[in-house]
Amino acid sequence: MRGTVLADGAAEGLALVLDEPLSLWGGVDPGSGAIIDLRHPQHGATIAGRVLVMRSVRGSSSSSSVLAEAVRAGVAPAAILLGEPDLILAVGAAVGEELYGVRVPVLHLAVAQLDSIPDGAAVSIHEGGEVTL
Amino acid sequence: MRLVMRAAEVLGAERLIPITGAHVDSCLYHGEATVDFVERLIGGGAHVSVPTTLNVGAVDLLHPELWRGDPRTAERGRLLMGHYRSLGCQPTYTCAPYQLAAARPAFGEQVAWAESNAIVFCNSVLGARTERYGDFTDIACAITGRVPDAGLHRTDARRAVLVMRLGADVPAALLDDDSLYPVLGIVLGRRAGSRVSVIDGLPPGIPEERLKALGAAAASSGAVAMFHAVGSTPEAPTLEAALQGTEPEEIAEVDMAELRAARDELTTATAGAPVGTQVGTVSLGTPHASLAELRAVERELAGARPAPGVELLVSTARTLLEAAEEEGLAGRLRALGVELLVDTCSYIAPVLRPSPLPAMTDSGKWAFYAPANIGVEVVFGSLRECVRSAVEGRVWRDTDHWGTA
């Protein structure tokens, strides 16, 4: 599979396929990576080191900051795969790389491709946007 | 400039266009990364090139005694707010810059705004143009004075693709009930996601406060950056105008069952907090209260005070507080025991008195985020219900326009 690169990089991790969109601000503790949104079906799971798979995005414009802070704290997701382009997460990743030298690739994939990724699957992301299971 | 170019790439823009102003959300402390970023900008000698307002920060700089959390976090939050001021941003510290006469862009103006509720209001209610900018991008656009020529900056992207029609079973009395609008926003956010929508079936000329509440909720449950309301928002004098003469992707009808379910979800307190349930706190002003809303609080109090032990807090902008001081309103509210918070908000700063009892709010956005952010159970109701509940110390309900299921 190949996605459109919103923030480039290579990463590996286990997929965390979100059942509902998640706002990182108000939804994730940037100190631990835990999902704290009480209404989210995956409340209590952690995004740290996972390949986050999200069909659509929602919520706060502060999510850029929360992603950059999660990078600083070492609890960022390994990569983020989205069903629609999102500037807020792309820029959070860009700033995390600029300040701390850690890359969190953010890719936009077709929804049908995202749906082919099972929760918990080992996913590799290569520079340039290639995704392999 | 690199961040603005990155934004242009992500949005697929071929060129940059100038802006007349910006609203920056990056001044709210979310950890040391937010300080590291702005210190990098300051080190590079950056300065904003267009008039730029600031969003809420972590602390109420005018009433620091209200802070109940870790003093180190307050200090870092205060430092960050000052850093953005030193880049040339105006110390407005409000999530509702559109309520400040001097910061309100005119119809058609190109701006770069962050803060999800402000973005929706700017596009939908003012007809000024911004993309859904987030932290870091906002200040990058303010410094360069440029935005990508893409997305909602362009006329064609402002066309509604989803029509959300109110069902025939929505009673007329509910359309004139404040509590409908945040609930409608929650439903809209879920239905629309990031798509531009048009709401059909509302009465024309909806007041700004209701559109504000609707937009703030829609930007919490979804990624809504713009909606039209036929007869109320400037790019939707008619349904056809909102659709720009094209066919919508989807027409969705919203009936009472869906609205009631969304309303009930906003209340997290045990058993849906029936009438008579004790409340410990009532929080209003998310997004920041307008002067009209501050006056409404006084009107609903009608000279009464909150019940002993119940905190009634209203968040607003420091500029509006100043106006309220001048007309004597702020003094009268304080004399009745109302706490007025500025520069921040009661669900991002530890300011509420600790209480084991649920907190009541008229805001869909506050109801959405407060349980996770500050660990409270929430009861949702209209402004009138909130104020009367504060006075009685127990949940009070107005005439029921929602009907029974």
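## Chain A: fold and dimensions

Helices (H or I, at least four residues) and strands (E, at least two) are DSSP runs, numbered from the N terminus. The model is predicted: local features need pLDDT of at least 70, side-chain atom pairs count only at pLDDT 80 or more, and totals for chains, interfaces and linings use all residues. Residues are numbered from 1 along each chain as its sequence is written, and chains are lettered from A and ligands numbered from 1 in the order in which they are written.

The C-alpha trace of chain A spans about 35 × 30 × 20 Å along its principal axes. Of its 133 residues, 52% are buried (20 or more other C-beta atoms within 10 Å of the residue's own, with C-beta atoms placed from the backbone).

## Chain A against chain B

Contacts link 30 residues of chain A with 37 residues of chain B; two residues are in contact if their C-beta atoms, placed from the backbone, lie within 7 Å. On the chain A side, α1 (63-73) and α2 (87-100) are the elements that give two or more residues. The largest share, eight residues, comes from α1(A).

## Domains of chain B

Chain B is divided into domain 1 (2-148), domain 2 (159-265) and domain 3 (267-392), with bounds from an automatic or database domain assignment. The C-alpha centres of domain 1 and domain 2 of chain B lie 27 Å apart. Between these two, 12 residues of domain 1 are in contact with 16 residues of domain 2.

How values were computed
Buried ≥ 20, exposed ≤ 12 C-beta atoms within 10 Å, placed from the backbone.
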